[in-house]
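Here are some questions and answers for a reader who is meeting this structure for the first time. Please look over the sequence and the model before reading on.

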Amino acid sequence: MATEASKTDEQVQPGAEPSATSTRETASADRATDLTSDSAKPFSSDASRTLVFVAAAFVCLAITGIIEWSSRPAAIKEFGKVGEEFYPEFTDPTLASSLEVYVFDTENVRPLDFRVQQLENGRWVIPSHHNYPADAADQLARTAASVIGIRRGAMVTRWQADHAQFGVVNPQQDALNVDDIEGIGRRIILRGQDDTVLADYIIGNQADGQSGEYYVRHPDEEEVYLASLDIDLSTRFTDWIETDLLGIENWDVTELTINNYSFDELRGEISNREVSTLSRETSSDPWSLDGLDEENEEVDADAIRESVSTVASLSIAGVRPKQQGLTPDLKLDRQALRSQGDVDRLQTDLLARGFLLQPGEDGNQENLRLIAREGEMNVATSEGLVYRLHFGRAFTGSQEELEIGLTSTGSDSGENAAGGSTDPDAIQADETPDAAAGEPGNQEATKQADGTDDPSTNSKPGRYVFVRVEFDQKYLDEAPVQPVEPEMPAELKESPGDDQTTEQDPGQNAGQADKQDESKTEETTSEEETEQETEQETEQEDRLAEIRSQYESDKLKYEADLQEYERLSKEYQQKVTDGQNKAEELNRRFAEWYYVIPGDSFDKLRLSRGDLVKEKAVEAEPDGESTSEGEGNTDDVPDSNVSDADSDRLGQDAAAASNPQSDKTGETEASESSGSKKEEKDSSEPDKSGETKPKTDPPKKDDQKSGGKQGR
């Protein structure tokens, strides 16, 4: 800028000498130009370096932005699920056809499972318990309804490393770390008819200080959420089956036969046999005991009542599958037993439970007899069913061993069997009795449910029971008796006319009678004879009419009784058919299983004869005071007895002997006087018309009596 100014000045003032000021300005401009030219050389390399740095910074910022942008949608999606249902499409609980529950036994370090499934034929079974029949339709529907609509609450973690902390480690995963054993959750799977998954949850620990809040996650997701749970879930075997073993009522039982004996398994001998038979006609009748000494003994009604009640309420505590090869009527199934080894395995299986097969009394191997270690009991009902209970060995073990009884190798070794089923309440965690196994995570409730810490469960060992059913028609009500058709009286059979009169018009009979009367009248010569004959004929006709009327009445009654008999016969025959069908149905069920009943129930059933009877109370004899009072009471004792009691006094005996005669004479006179008074009263009694008419009949009777007395 200064150089250009100086040039301008020079152009304006040509020929003038430059001033000092301009000279200085020119020098300054020259120096600036030199400096500019000197610094222009390094500027090009520094600028390029700066541009590189700037570009690198922009690249780093872009990469950071891209990374943040790429991770931002996933975070939004995870937090966006909060408040949503896990399975919004599952709304109909009746669609559930199977339930699977998986847990892990931390004490024995093994996985456990409980499964309920509906087969193609509509039958419900428990695959985890030998496919035992289940009563599961309503139970599964309630469980399915309780898991519908579970929502995701607050998300507590997104990382797999935190799963053990919240107890949501999958119990079905292939590999489990030792450190994660305490953090394994409980997995619940509900499936539909086509094996589609309707709901699948892994339920963890309960949140601290939050009732009903649990940590839950989807098996395919890593995120863990808080969720409110009130699941109606039970994995107790007895909650899914019909626990009533026999299915009878107290009033159905009409006969009990208790066969107590001891069985030596090594020798195969029976000793100490004692048979007690109790019976009654109906439920309202008292029980009677065969061989009872009625003078000194009586039936203990309380003991029998308790025994009958125990039979009616006998419950199933556990089941074991039987070896194939034995029919319900205790015959060898040759189709299942193809070799002697199969027979030996069957005998070993029976002996492990306390039972033995022996040939019958005729020695026939096909007609076998079942011997039980702890005796037998036969229970007959009014339906004609006879339940035969054979009591075997005692079973000891935990609740899970009691219910399924599988060892680690998949076989049962009787009393020492190790359980292989799921812990009945390992999944259910009810904090209160009303929770119905719906809140998982309560370890205290789990221990009490599996029978390990509950003292009441192990108070009495369970008992194996072999059950058979037979139908015996004699225990039904008496069969109806066919009525007997009344026979026509001989008087009505004498003439065809008389027989026809029962069905003909009475007018015809009257006409015939008139003709007979006319013919007889013509032959009769005397009027008195005619009247007598007429009276006789009338009496005969009246008698025949009475006989005919009675016969017709009997016939009508017979026809009505015959119709009632036919109705009762059909009902009775239907009872027989129903009883036979029910016996076959029960035998099909009982034939596949050994049952385990509670030990305290067995103690109430195994009663000796001494438990069933008691000494008869002896009535106390009256003491002296009561006897004297009875003798002093003369109101109820006749005079003759009083005189007999004083027979030691001769004088009084004579007086007593003479007094009755005088009394009789006085009574006779009194009766005569009362009779005369009655005659006077009767003779003057007016009739309804107001006229006084004497009554002759009563005086005649009195006169006869009086005369008779006087004559005597």
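A residue is called buried under 20% relative accessible area and exposed over 50%, while partly exposed covers what lies in between. The model is a predicted one.

Q: How far apart in space are Asp-264 and Arg-373, C-alpha to C-alpha?
A: In sequence, Asp-264 and Arg-373 are 109 residues apart. In space, the distance from C-alpha to C-alpha is 7.7 Å.

Q: Which parts of the structure does the salt bridge between Asp-232 and Arg-142 tie together?
A: The side chains of Asp-232 and Arg-142 meet in a salt bridge, at 3.8 Å from N to O. The two parts are 90 residues apart in sequence, and the pair ties them together because Asp-232 lies in the loop between β9 (224-228) and β10, and Arg-142 in helix α3 (residues 137-147).

Q: How many residues apart in sequence are the parts that Lys-604 and Glu-306 tie together?
A: A salt bridge joins the side chains of Lys-604 and Glu-306, with 4.0 Å from N to O. Lys-604 lies in helix α13 (residues 599-605) and Glu-306 in helix α5 (residues 301-312), so the parts that the pair ties together are apart in sequence by 298 residues.

Q: Is Asp-105, which forms a salt bridge with Arg-110, buried or exposed?
A: The closest N and O atoms of Asp-105 and Arg-110 are 3.5 Å apart. The relative accessibility of Asp-105 is 12%, and the cut-off for buried is under 20%. Asp-105 therefore counts as buried.

Q: What is the phi of Asp-195, a residue that is not a glycine?
A: Asp-195 is placed in the loop between β6 (186-191) and β7 (197-206), and it counts as exposed because its relative accessibility is 51%. Although Asp-195 is not a glycine, its phi is positive, at about 65°.

Q: In which helix is Glu-528, a member of a patch of negative charge on the surface, found?
A: The patch gathers ten residues on the surface, among them Glu-527, Glu-528, Asp-542 and Glu-546. At 57% relative accessibility, Glu-528 counts as exposed. The helix in which Glu-528 is found spans residues 527-590 and is α12.

Terms used
Residues are numbered from 1 along each chain as its sequence is written. This is a predicted model: local features need pLDDT of at least 70, side-chain atom pairs count only at pLDDT 80 or more; totals for chains, interfaces and linings use all residues. Side-chain values use heavy atoms; hydrogens and water are left out. Patches are made of residues with over 30% relative accessible area and no salt bridge: like charges are joined within 9 Å, nonpolar side chains (Val, Leu, Ile, Met, Phe, Trp, Tyr) within 5 Å. Accessible areas come from the Shrake-Rupley method with a 1.4 Å probe; for residues, only the protein chains shown count as cover. Lys and Arg count as positive and Asp and Glu as negative; His and the chain ends are not counted. The place of a charge is taken as NZ of Lys, CZ of Arg, CG of Asp or CD of Glu. Helices (H or I, at least four residues) and strands (E, at least two) are DSSP runs, numbered from the N terminus. Buried means under 20% relative accessible area, exposed over 50%, partly exposed in between (1.4 Å probe, protein chains only).
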